[in-house]
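Hi,

Here's the structure I said I'd pass along. Have a look at it first, then read on for my notes.

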Amino acid sequence: MCKKCYVTTPIYYASGKVQIGNTYTTVACDTFARFNRQMGRNTFYLTGMDEHGQKIEEAAIKANMTPQAFVDKVAAETKELWKVMKINYDGFIRTTDKHHEEIVARVFERLLANDDIYLGTYSGNYCVSCETFFTKSQLGENDTCPDCGKPTKVVSEESYFLRLKKYATQLLTYIKEHPNFICPETRRNEVISFIESGLEDLCVSRTSFNWGIKVPSNPKHIIYVWIDALFNYLTALGYDTKENQLYKDFWLNNNRIYHVVGKDILRFHAIYWPIMLMALDIPIRFKLIVHGWILTKEGKMSKSRGNAVYPMDLISRYGVDAVRYYLVKELPLGNDGLFSYERFVERYNYELANDLGNLVSRSISMINKYCDGIVPSNQLPTSVLDESLAKFANETITKTIQCFEQFKLQDGIGETWQLIRRVNKYIDETAPWVLAKDQSKKIDLDSVMYHLAEALRVIAILIAPYLVDTSNKILQALNQTNTNMRLDQLQFGEKFSNEKVFLKENLFQRLDMEKELEYFASQKQNEIKEKLESNTVKVKIGIEDFNKISLVVGEIIECKKHQNANKLLVSKVKIGQEIRQIVSGIANFYHPDELIGKKVIVVENLAPSKIRGVESQGMLLCATDQDKLELVEVRNLPCGSIVR
Ligand code: ME8
C-alpha cells in the first residue's frame, strides 16, 4: 500500500460568515495535511460547505435572496477566506453539488430498499407559529414553545427513520475492538455510555420545508440534513460513480483516514455515520479526532451572543501566520481553549516576536557581520556546545513528528519551541561577540555561525505546516529555497550554498499591548454602533419593550480617568440615595473635572459589567453625530427623577 492520507474537516453551515471557532478546525487540519505531505504521504485534504436545511433557508429569506444565490455567496466568501489563510485543500465539496445530491438520493433509496430506513410516524410537540417540533426537554412551562412562548400541541407526521437500534451491538463491538477509533479516550467513553444507555431509531426526513434533497420515491420528504452532510466524505471521492479512483485510493486502500470534528458533533460522527456505513457494507476506515471549543471569556463564541471574533479582523492587522499560530497553539487535543485579545498579543510578543523573530534576526545579522553573509562549511571541527545543539535539534525533530502523528499539534509546537529557546541559549553560551574579538577563535566562531544557520533551517522546516509564510521567509533568508522539505528525512548537518544570507525585515514586530487593546475596544464600539444604527432603522418596538428600560436622572459627584484605557472615564453618579460607578467612553469629549455636578440621564437597570477591569453599574445617555458627542443633561429636576 503506497503511503496515503485522507484528512477531512466538517463541512460548515453556509448560514453566514465563518468565525474564528470554525476556522480552528480548518487551520488545524491544514496543518495536519501539510505535515503528512512533509512525511512523504500522498495526502487528500477535504473541506466544504453544508448548504441545505431549514436554517439556511431561513437565513436566505432574511437576506432577501434565493437559497441557491445565498449559499453561492457564502461559499465564495469562505473560499476566499481559505485562500487568504493559505488553506491548501484538495477538495471543496458543497452539498448542493449535483453529483453529491444524486449520490445521496441513491444511497437513501438503497437504505430504504434494504429496510435500514423505513417509513413511520414522528410524534412530538409542535409549535404552529414557529413551524417546529420540540423535544420534551426543550419545552417551556406547561409544554409551551421555548421560542415564542405559545402553547404547543402533540402532532404526528409521516417520517422516515434510520434503524439505529438494529446496529447498536455491532457498533459497540466495533468501538471496543478498535481502541483508537475515537480519540481522545474521554470522548470514546462518552460514546460508549451513550450507546449503552439505548439508541432510538433516528428520524431522517422532514416535510416542513423545501430546501434540501428530495427522497426520489416520495418527494414531499426532504432528506435530513445530517444524512445529506455526512455523505460528503464519500461523495467528494466519487463513491458510487464511475469516476471512483479517489474513493479506491483514499478510502478503500488507505489506513490513514482522519475525520476531525468539534465535540458538539461527536454523536453524528461516532454513531450515525458508522451505522450508515455498516448498513451499506462500506468499510469503516476512519479515525475520529474530537477537539474542544475556542471559548471567549463570556463562553462559547457565537454570533447571537455578540462575542464572535472573525479571522479577517485579526489577519488584516497581524498577518495570516500569527492567526494560524494562535489557533493551532491554543487547543490541546480534546480540551477547550481560550480566545482573548490580551492572550493573542501576549503570544505574538513572547513566542513569535521574542523567541522566533529575534532568533532569526540576531542569527542572520551575526552571519553577515562575522562571516560576510556566507554560511561557513558543515565540516568544521565542533565544540561540545555545537554537538549538544545538533543532538537537541535531532531529538526535537523526532519528538515533534511523534506529537504531530497523533494530532497533538499543541505539544508538537511546544517541542519545536524548546529548540528555538535552546538555540537562543546557545548564542548566549557561545558568546560569538567574544569569539569575534580573538582571531585565533575564527574557526570556533565559524562553527557557531554554521550551527545557527543550520538550526534555523531545521526550525523553518518544522514550523512549515502552520507558519507557512514565516518558514518560507527564513529559508529565503538562508538562500535555501530549493531545500528538501521532507520531515521524515530531516537531519541536522546540511551544507549551505555560497550565496549571502539576507533578511529583508524582522519577521514579527513587537506589539504595544495597550495600543492593541484600545484598537480592539474601539472596533467593538464601532460594531455596536453600526448594529444599533441598523436596528434603529429596521426594528420597531412596542411600548412594553420601551418600558423595560428604567431611565433616571443622576448627578455626577466624582469623575476620573480609567487607569487602563485612554478613552474611558469612571464616574460616581448619585441617584436618589444610591451612588453608582459608571464607565463611559467619553474621555475624548470631556475632562473629568467639567463633569462634576452635571445632572445626566442614567440607564438604571442595565446589568453590571466589567469594562477593561472596572465594574460599570449602568450607562450614561449621550447624543452623537459623526465625531461629536454630548451627554444628555437635565437642568431643573432633582436627581432620582424618572425619565419617560
Ligand atoms: O456542525 N471552537 O457545521 P458548523 C471550536 N455542518 N470549534 C468550533 C467552534 C468554536 N468556538 N464553533 C464551531 C456543522 N466549531 C455541520 C457539520 S459535517 C458532516 C457537518 C466547529 O459550521 C464545530 O465543532 O456549525 C464543527 O466541528 C465545525 O466548527 C463546523 O461547525
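Below is what turned up in the sheet and in the helices. Keep in mind that this is a predicted model.

Let's start with the sheet. Four strands form an open sheet in the order E6-E5-E7-E9, and the pairing is antiparallel. At the edges sit strand E6 (132-134) and strand E9 (202-203), each pairing on one side only.

Strand E5 covers residues 117-127 and is joined to E6 by three bridges, with the two running antiparallel. A handy pair to look at here is Thr 121 and its bridge partner in E7, Glu 158.

A helix packs on this sheet too: H4 (residues 98-113) touches both E5 and strand E7 (153-162). The direction of H4 makes about 105 degrees with that of E5.

Now for the helix pair. Helix H2 (residues 54-62) and helix H3 (residues 67-84) have axes that come within 9 Å and cross at roughly 95 degrees. Since angles of 65 to 115 degrees count as roughly perpendicular, that is how H2 lies to H3. On the H2 side, the contact is made by Ile 56, Ala 59 and Ala 60, while H3 brings in Pro 67, Phe 70 and Val 71. Sorted by class, this contact has six nonpolar residues, no polar ones and no charged ones.

Cheers

Definitions and conventions
Residues are numbered from 1 along each chain as its sequence is written. This is a predicted model: local features need pLDDT of at least 70, side-chain atom pairs count only at pLDDT 80 or more; totals for chains, interfaces and linings use all residues. Side-chain values use heavy atoms; hydrogens and water are left out. Two strands pair if DSSP finds at least two bridges between them. Contact means heavy atoms within 4.5 Å. Axes are lines fitted to C-alpha atoms, for helices over the stretch in contact, and angles run from 0 to 180 degrees between N-to-C directions. Angles under 35 degrees count as roughly parallel, over 145 as roughly antiparallel, 65 to 115 as roughly perpendicular and the rest as oblique. Ala, Val, Leu, Ile, Met, Phe, Trp, Tyr, Cys and Pro count as nonpolar, Asp, Glu, Lys and Arg as charged, and the others, Gly among them, as polar.
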